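Here are some notes to read alongside the model. Could you go through them with the structure open?

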2 protein chains.
Amino acid sequence: MSEPRVEQIVLASRPQGLPIPANFRLEKVAMPAMPEGGSLLRVLYLSLDPYMRGRMDDRKSYAKPLGVGDVMTGESVCEVIASDRQGYAVGDIVLAPTGWRTHAAMGGFVPMRKLDPKLAPISTGLGVLGMPGFTAYAGLSIIGKPKRGETVVVAAASGPVGSLVGQLARLAGARAVGIAGGAKKCRFVLDELRFDASIDHRAPDFPKQLAAACPKGIDVYFENVGGSIWQAVLPLLNAFARVPVCGLIAQYNAVVDQEAGPNLLPATMREILSKSLTLRGFINYEFANEHYPEFLKTVSARIQAGNIRYREDIAEGLENAPAAFIAMLEGRNFGKALVHVADAP
Amino acid sequence: MSEPRVEQIVLASRPQGLPIPANFRLEKVAMPAMPEGGSLLRVLYLSLDPYMRGRMDDRKSYAKPLGVGDVMTGESVCEVIASDRQGYAVGDIVLAPTGWRTHAAMGGFVPMRKLDPKLAPISTGLGVLGMPGFTAYAGLSIIGKPKRGETVVVAAASGPVGSLVGQLARLAGARAVGIAGGAKKCRFVLDELRFDASIDHRAPDFPKQLAAACPKGIDVYFENVGGSIWQAVLPLLNAFARVPVCGLIAQYNAVVDQEAGPNLLPATMREILSKSLTLRGFINYEFANEHYPEFLKTVSARIQAGNIRYREDIAEGLENAPAAFIAMLEGRNFGKALVHVADAP
């Protein structure tokens with residue numbers, strides 16, 4: 001018997017609204033056996049993403065909810081430490097859906113992707129060059145389709161999706177307006193990410209500031225938060241505006257009051273009709289087969305050229321993943337939320 | 001001076017909710033002068049359409065609202081009785097945006113379209129071969145894109161838009177489910193229009209009946225009513241479902257209670273995200289330049305072949321237009337609502 005030196009974090013109980021530490025439990029288990037035809041991985045970086053909050057609820061969505069006691073869902077960058085799978089050798093750096101674990105056994109049919117450590121730091125495989133980056137790229141280029149001179153608005157603009165949305169919009173010749181929480185993040189969006197404008201959604205006159213930052217209205221609103229920001233955006237949308245919907249973080253944690261009146265649906269439907277709006281929900285992997293290679297090529301070249309910047313917020317140690325996850329859901333992270341689980345080889 | 005023998009109906013006051021007869025006023029005015037380079041028209045059939053209700057409000061929409069005292073907006077089929085405009089001769093039958101009038105002077109740049117009386121009865125230029133028909137055709141073929149074996153749901157299924165949506169869906173190999181008000185209309189949808197199923201939205205267990213009629217879920221919901229029907233449709237929508245939004249008749253007449261809670265927006269946004277839905281508002285003329293000729297050719301051939309049927313509900317005399325319009329908004333019409341203003345030559 002091997003010693004129980006593998007750590008994993010499971011869903012201990014379902015959260016009501018914002019998760020609390022007691023919703024998670026750290027377990028120590030034995031090192032898994034090497035699956036026939038598969039690989040054994042050592043996790044280096046774990047990604048923390050808003051969608052994980054949805055999996056904690058017992059509600060039908062695009063993916064099955066977690067059961068209580070299940071290991072938290074998640075992607076990570078790993079080192080292959082043993083492999084019986086063609087194309088994956090010991091020492092390779094891979095992206096894999098390991099869940100919140102220090103080590104993971106991946107069967108031969110689990111989708112994994114090799115990372116090229118020469119392209120960019122391996123942690124970017126979970127951020128600007130990974131799922132969040134591709135979400136931004138696909139939603140903006142396939143659904144949003146900003147034209148030169150149009151205005152693109154995105155919330156959570158200092159985060160991994162929003163920051164790339166705005167930078168890609170600018171590179172397409174559009175005006176990029178970012179919404180973020182607090183002066184520090186707003187400054188970062190303006191100075192580091194070089195958006196055209198940034199607005200603090202905590203400002204009491206936020207809707208007025210947003211209108212002032214969008215003198216020609218809004219042509220693309222990249223919806224990744226939902227809630228009150230949508231209400232401020234709605235009257236500013238231009239005819240034929242496009243709204244890729246990839247997340248509703250403000251809704252995930254709401255408990256009961258989001259259903260309280262007034263009923264905001266009729267006004268939204270009226271605007272959809274009278275302005276010929278397009279609202280389109282999407283999950284990044286819908287577009288992955290067709291567009292991932294071009295995304296990787298385009299964005300990594302832009303990073304190397306200095307035209308695209310990114311920021312990471314890295315917590316230390318798997319045991320701190322729940323706290324970092326909760327902080328991210330509260331908007332207290334600053335950059336792509338990651339957990340450093342172990343050093344790269 | 002000519003005698004005041006031209007009649008017109010103006011907006012006398014703005015309605016609160018459902019219009020009442022006092023919101024309209026019949027005026028007698030002098031025959032207009034022939035505009036230089038234009039035409040003088042005698043109205044034969046006036047079209048009554050739900051969008052006109054929106055124009056009566058003082059609210060920004062895709063078109064300017066009417067002023068109190070303005071002639072009601074509307075399209076009609078007319079006979080040219082004098083013409084100084086190239087391509088339009090006395091005796092021609094044309095479609096023109098005359099408003100609710102017995103005679104109209106149309107300047108040389110007003111969009112008019114000649115109808116071919118041999119193609120179909122001229123009244124169809126306002127219905128199945130006109131704007132409502134094209135709305136159905138464009139929304140379904142460009143946004144809805146039903147595939148063979150998919151399920152298409154449409155409300156107001158006995159009306160001019162809905163009836164064509166369902167018949168075109170069937171011709172595309174999809175399952176057509178119509179929603180209508182009352183047993184008579186439901187029977188017509190099933191027997192005459194040959195939908196696969198029809199449901200009475202007044203039935204107390206309407207959501208359950210709709211679910212039973214859509215055993216494989218809903219792939220296209222053609223939204224032309226809004227309100228409670230949307231709430232029944234939402235949980236049945238399949239992943240990647242398309243929702244062309246061309247009307248919200250149930251909302252037009254609501255006064256205050258539509259804004260009363262609960263707030264239904266978060267649930268709609270959640271479904272948009274989790275099912276990768278597309279909601280797309282549209283006005284038919286967005287697509288007219290590119291698609292009108294193909295629509296006219298396709299649908300008139302289908303009518304002549306007996307594959308597409310239509311029904312008209314014709315009121316007699318311009319003075320009865322307000323009552324017929326109110327009846328239509330209440331769903332008391334049965335077929336495309338028209339007013340017979342004068343006999344064809």
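**Notes on the two chains**

1. Let's start inside one chain: 15 residues of domain 1 of chain A are in contact with 14 residues of domain 2 of chain A. Contact here is when the C-beta atoms of two residues, placed from the backbone, lie within 7 Å. On the domain 1 side, the touching residues are 5 nonpolar, 6 polar and 4 charged. For these classes, Ala, Val, Leu, Ile, Met, Phe, Trp, Tyr, Cys and Pro count as nonpolar, Asp, Glu, Lys and Arg as charged, and the others, Gly among them, as polar.

2. Before going on, a word on the basis: this is a predicted model, in which local features need pLDDT of at least 70, side-chain atom pairs count only at pLDDT 80 or more, and totals for chains, interfaces and linings use all residues. Residues are numbered from 1 along each chain as its sequence is written, and chains are lettered from A and ligands numbered from 1 in the order in which they are written.

3. Where do the domains of chain A run? Domain 1 covers 6–127 + 311–340 and domain 2 covers 131–285, with bounds that come from an automatic or database domain assignment. Their C-alpha centres are 28 Å apart.

4. Now the two chains: chain A and chain B each put 31 residues into their contact. On the chain A side, α8 (265–274) and β13 (278–281) are the elements that give two or more residues, and α8(A) has the largest share, with 8 residues. Helices (H or I, at least four residues) and strands (E, at least two) are DSSP runs, numbered from the N terminus. By class, this side of chain A has 15 nonpolar, 11 polar and 5 charged residues.

5. Take a look at β13(A), which runs antiparallel to β13 (residues 278–281) of chain B, joined by 3 bridges. Strands pair if DSSP finds at least two bridges between them. Here A:Thr278 stands opposite B:Arg280.

6. The same surface serves both copies, as 100% of the contact residues of chain A recur in chain B.

7. One backbone detail: A:Ala156 is not a glycine, yet its phi is positive, near 50°. A:Ala156 sits in the loop between β8 (151–154) and α3 (160–171) of chain A.
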